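Biologist: I am new to this structure. Please show me how to read its features.

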Amino acid sequence: MLGKRLQILKEAVPEMDRGVIMNGMNGLNSGMLLMGYKPWDERKRTSEEISQSLAGPLSKLTGVRAQPALPPLLPGAFGPPIQMVVAG
């Protein structure tokens, strides 16, 4: 049932060109939808704008607690932001 609901959301995002739905990640009633977007020159919205636009529809899914989340820009960059010092 969760998979069918997430499939509907997946189809509602025109910028998405691929996606994977995983059910039962941390128990029977859990899942995850991973979305891959079209290249920048083929879409008008940023990933942030797409993510924000999904918050409302996700909140209306009965029996589902879902929130969009973007991965860090740098792979493996979970945690505090990276700080750099440029000295000359």
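Modeller: Start with Arg18, which is exposed at 51% relative accessible area. Exposed means over 50%, buried under 20%, and partly exposed in between, with a 1.4 Å probe and protein chains only. This is a predicted model: local features need pLDDT of at least 70, side-chain atom pairs count only at pLDDT 80 or more, and totals for chains, interfaces and linings use all residues. Residues are numbered from 1 along each chain as its sequence is written, and side-chain values use heavy atoms, without hydrogens and water.

Biologist: Which side chain meets Arg18 in a salt bridge?

Modeller: A salt bridge puts a side-chain nitrogen of Lys or Arg within 4 Å of a carboxyl oxygen of Asp or Glu. Here Arg18 pairs with Asp17 at 2.6 Å, N to O. Asp17 is partly exposed, at 42%.

Biologist: How many salt bridges does a search of the whole structure find?

Modeller: Two. Glu15 and Arg45 also form one, at 2.6 Å, N to O. This pair links distant parts of the chain, 30 residues apart. Glu15 sits in the loop between helix H1 (2-11) and strand S1 (16-23). Arg45 lies in the loop between strand S2 (31-37) and helix H2 (47-59). Helices (H or I, at least four residues) and strands (E, at least two) are DSSP runs, numbered from the N terminus.

Biologist: Is Glu15 buried or exposed?

Modeller: Glu15 is buried, at 8% relative accessibility.

Biologist: Where is Leu34?

Modeller: Leu34 is in strand S2. Its relative accessibility is 42%, so Leu34 counts as partly exposed.
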